[in-house]
Amino acid sequence: MQPQGSLDHGPIHGTTRSRSRSSTEAYSGRRAVPFIALPHRVLSRIFEYLPIPEMLKLLNSCRVVRRVMHRLGPSAYAEGHVGDEAYTAAGMRIWRTMIRRIGWRLWHERIRGREKRQRVSVPKSHRMLLKRLCSVEDEAEIVEIIFTEPDLLFKAIFDDLYTDYVAFRSLECGVPEIFTQTVEVKDGGIERRWRSPVELGERLDQLLWFGRGWFTSDAGLINKRIVVAADRFEQMYHDQFKRAFVEGDCALMQRYAGILETIREGSGCLRILIDSHPLFNCNGDLISSSYHKVLSDSSKVTDSYTFDVFLDGMQRVIEEHARVVAAALPPPVLPKSALYYFVQALFSDREGRGIALATLQNLYSHLRSIPVADPSFLLMDVENSLDERGGSDNRVAHARQAVPDEATKDILYLSTVANVVSLLLVASEKWATMEPVSISSELGRRCVFSAFTDVIDDYVQLERRIIERAYGQELDQWAAKIKTRPEFVGGVGSSHLAAAGIRGSVDEVGLAPGPADSIRLVNFRHRQQQMDEYKGRVLKVLETKLDISLPPEML
């Protein structure tokens, strides 16, 4: 860290007075600004990039920083002034930065037809800490505290966690102070008692988030020891939960899952339910017939109809998993998280095991690999078959796997993808109404659309080709329509073509000699410009909606 003198007198882009004349001339047209002359909002942004220990030292030693931070001076806090009474807007921003560094997240949410509102995301273990420290649970109250008294909020969290955090500094092994806590007794005294497994899991998770702030110079070593302690704690109850799962003891499963829920949001027990599911851990002949049918239907998907058959089987699997997590996990949060985690795994490429994603990728590959053949060689074999159920004749068409042209192939690809998306969106609405556990339709749609990232580039290219073909055909039809009009028989001068904005001679344009109607030629040119503008607007909308950048030649 630089000494105080350098902060007060050093130029913003100069480090020593011995800078050579040539390097100084490189900044021609710029004026060196002293550090103390920078606006407070700029200084606060600079301080946000400092490590927490360095920033705390700076706040306690540099009068420039104190002037930026404090409204009434450093003694204002001792006099009872807090929040915006004691700190400037820049100072409040720095306190909120410290809160964000321990895992809190602030963002604006805009709902259609309403004003945007401030939202906050707080780790679950820190929510329990707030409930114990200041009896705050509601999100609106938390947001109000963050924007009015972030200094008090951060200091309360820091004072509660710092002692247990630095206890890992000198303890390589054994039982640290974290396993006990100070509580008040009835006679007004205090005593140390052992923490319960749930309280210990919450404390370890709180320290894991707190360690992200790097509040000490040896935070790296302390964080490693906390991670080791958390891993050992989680692994111990992870094994207990797995043993109860194998034995089918739902009571023990709920007990151990309740402990695992307090640390890392219960990801340990959720991973067990995923890894042990037959769709993610196939055991050959040991797999049941229902799961075997889903896997078999997955390999037969070639269009939206066969995908619908596969989706029906997958829907039954999801409903069955909802009943399992409802019986194995303690309500209300963990079962919903487990179901969402399961659906997300079906549509994700983690370790390449998502059966829904694999099915969609096979469908895309099949549609892209359909050959384009000459129409004269396309055959349609139609055979009569006897319906055993009703005894009626059905004509079953077996078309060769070929299409007449690229346009048909592109339209087949896009229409099939659109039908598949519609089927999946309908399924996501069913997930929101399942019993006894459901997931919101928003989360369901998020899982669905995560499986379509591979087709976005294909979709943009196909839409581009379809648009080009469409307006090309429109222009050809318009030109052919103009050439057949009787008023064009007789001769067209180059002056009329120039007035219409069409370059070239009459023969190049392809119009028969005749009396020219320049108004119709101008309309022809305007028609072409309108189609070009339409193409550009569609591609720009795709850029905005899909958050991608198209090559300039496409626009």
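Modeller: Confidence comes before any close look. Where pLDDT is low, the predicted coordinates should not be read in detail.

Local features here need pLDDT of at least 70, side-chain atom pairs count only at pLDDT 80 or more, and totals for chains, interfaces and linings use all residues. Residues are numbered from 1 along each chain as its sequence is written, and side-chain values use heavy atoms, with hydrogens and water left out.

Now the salt bridges. Side chains of opposite charge can pair when their charged atoms come close. A salt bridge is counted when a side-chain nitrogen of Lys or Arg lies within 4 Å of a carboxyl oxygen of Asp or Glu. The structure has 16 of these salt bridges.

One of them joins Glu261 and Lys124, whose closest N and O atoms are 2.7 Å apart. This pair links distant parts of the chain, 137 residues apart. Lys124 sits in helix H7 (residues 124–134), while Glu261 lies in the loop between helix H12 (250–260) and helix H13 (267–275). Helices are DSSP runs of H or I with at least four residues, strands are runs of E with at least two, and both are numbered from the N terminus. Glu261 counts as buried, because its relative accessibility is 13%. Lys124 is partly exposed at 36%. The cut-offs are under 20% relative accessible area for buried and over 50% for exposed, with partly exposed in between (1.4 Å probe, protein chains only).

Next, Lys293 and Asp297 meet in a salt bridge at 2.9 Å, N to O. Both are in helix H14 (residues 289–299), and they are 4 residues apart, so about one helical turn separates them. Lys293 is partly exposed, with a relative accessible area of 41%. Asp297 is buried at 11%.

Glu137 and Lys131 also form a salt bridge, at 4.0 Å from N to O. Here Glu137 is exposed, with a relative accessible area of 53%. Lys131 is partly exposed at 41%.

Salt bridges also form a network, which links Arg132, Asp160, Asp164, Arg195 and Arg203. Two packed helices are described by the angle between their axes and the distance between the axes. The axes of helix H9 (residues 150–166) and helix H10 (residues 197–210) come within 10 Å and cross at roughly 100°. That makes H9 roughly perpendicular to H10, a label for angles of 65 to 115 degrees. The axes are lines fitted to C-alpha atoms over the stretch in contact, and angles run from 0 to 180 degrees between N-to-C directions.

Methods:
Parallel < 35°, antiparallel > 145°, perpendicular 65-115°, else oblique.
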